[in-house]
Amino acid sequence: MHLPDAKLAQVMDRFQMIEARMESATDGAEIVKLSKEHAELKPVFDAVTRLHKARQSVPELEEMAALNDPDLSPLAAEELQDLKTTLPELEHGVALLLAPQDKDVNASAILEVRAGTGGDEAALFAGDLFRMYSRYAAGQGWRVEIDSVSEGEMGGYKEIIASVTGEGVFGKLKFESGVHRVQRVPATEAGGRIHTSAATVAVLPEAEDVEIEILDKDIRIDTYRASGSGGQHVNKTDSAVRITHLPTGIVATSSEKSQHMNRQIAMRNLKARLYDMQRTALDTARSDARKSQVGSGDRSERIRTYNYPQGRVSDHRINLTLYNLPQFMEGEMDQMINALIAEDQAERLAQLEEEFGHA
């Protein structure tokens with residue numbers, strides 16, 4: 001992709017303007033805002049500077065290589081060849097930085113796993129999925145804290161909601177939202193027949209630096225007795241909290257032992273759901289002209305199949321099948337997640353190229 005010089009000049013001008021304003025700004029809020037934008041643009045500015053210098057060097061080296069200088073010309077020709085090899089890499093790097101970005105890519109996230117069709121087997125599969133994500137999170141150095149849980153009668157979970165905290169959580173897990181299907185012989189199946197069950201996964205970015213206004217008149221807070229694990233304390237007190245956002249009907253719950261803590265957790269999760277609703281509405285509006293298959297966040301879309309008899313896991317959005325299901329369920333998900341990220345990057349680059357085409 002050849003990036004237009006005018007687009008690169010815009011980036012340089014914007015960065016230099018921010019630096020100039022930072023030197024003269026006195027308002028604390030403005031300084032914070034400018035510092036944040038400066039930090040975001042600095043890698044782009046540095047990459048554009050390297051690309052600009054490389055482009056300027058090409059005609060100079062071509063001129064030197066054309067001279068009849070037995071000492072200088074071969075060196076210039078060799079350097080020119082190296083530069084022509086490097087230029088596409090520099091262009092690609094800048095293009096990725098300029099492509100439309102998900103501003104929540106580095107955010108922590110709320111992970112929700114719910115049993116779908118399949119009864120007890122679906123709850124067991126939901127439990128397997130949550131364990132898979134927990135293992136993956138541990139490998140990434142993230143912290144997983146369970147906010148709310150409803151256990152299945154035979155094990156697993158009817159529903160489990162957890163906070164996953166760390167750098168880049170949402171950017172790596174956001175492609176997991178959707179319906180996950182499993183094909184295997186359930187432990188409860190005496191005849192050895194393969195059953196198909198499903199679980200639904202939702203990954204919501206935690207709303208950071210975003211004003212989500214929730215008015216007291218718009219919410220109803222209920223307390224109730226938690227079910228599932230938790231010991232005698234859970235059985236004796238109505239400590240669990242359910243917050244209902246009346247205008248949207250969105251419900252957030254938390255079932256830890258402390259009612260005060262549950263209110264905080266449920267309110268945080270409610271904000272994440274309202275923020276996710278805003279994101280989804282914005283993404284839908286943006287995708288009217290261009291439908292994206294990866295990262296659409298459609299909770300009803302069947303995105304992946306886990307086939308135990310064949311030991312394979314298949315992602316239907318990018319047509320990728322891996323034959324490492326046992327390792328995958330132990331949290332070794334990097335190959336799949338990296339492929340989804342690469343596909344998303346390709347789509348963002350295509351969007352950027354389309355933008356240049358209409359510029």
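The model is predicted, so local features are taken only at pLDDT of at least 70 and side-chain atom pairs only at pLDDT 80 or more, while totals for chains, interfaces and linings use all residues. Residues are numbered from 1 along each chain as its sequence is written, and side-chain values use heavy atoms, with hydrogens and water left out.

The protein chain has 9 helices and 11 strands (DSSP runs numbered from the N terminus, H or I of at least four residues for helices and E of at least two for strands). Of its 359 residues, 41% are buried, meaning under 20% relative accessible area, with exposed over 50% and partly exposed in between (1.4 Å probe, protein chains only). Take the contacts (heavy atoms within 4.5 Å) between residues at least 6 apart in sequence: 63% of them join residues at least 24 apart.

Helix α2 covers residues 28–65. Its 38 residues should span 56 Å at 1.5 Å a residue, and the end C-alpha atoms sit 54 Å apart, which agrees (the expected span is 1.5 Å times one less than the number of residues).

Helix α3 can be checked in the same way. Its 27 residues should span 39 Å, and its end C-alpha atoms are 37 Å apart, which agrees. There is a bend of about 30 degrees at T86, with a proline, P88, following within four residues. Among the buried residues of α3 are S73, L80, L87 and E91.

The largest nonpolar core has 37 residues (a set of buried Ala, Val, Leu, Ile, Met, Phe, Trp, Tyr and Cys residues joined through side-chain atoms within 4.5 Å). L111, V113, L129, M132, Y133, Y306 and F328 touch the most other members. Elements giving two or more residues to this core include β1 (109–115), β5 (195–205) and α9 (334–358), while α4 gives the largest share, 8 residues. Leaving out residues up to four places away in sequence, M132 touches Y306, F328, M329, G331 and M333. A second, separate core of 28 residues includes M12, L41, V44 and F45.

E112 lies in strand β1 and, at 3% relative accessibility, counts as buried. Its side chain makes a polar contact of 2.7 Å with that of R273 (N or O atoms within 3.5 Å; within protein, one able to donate a hydrogen and the other to accept it, and residues adjacent in sequence count only if both atoms are side-chain atoms). Beyond four places in sequence, the contacts of E112 also include I160, T200 and L204. R21, in helix α1, is partly exposed at 34% relative accessibility. R21 and L34 are 13 residues apart in sequence and 7.9 Å apart, C-alpha to C-alpha.

Note on methods:
Bend = angle between axes of the 7 residues up to and from the residue.
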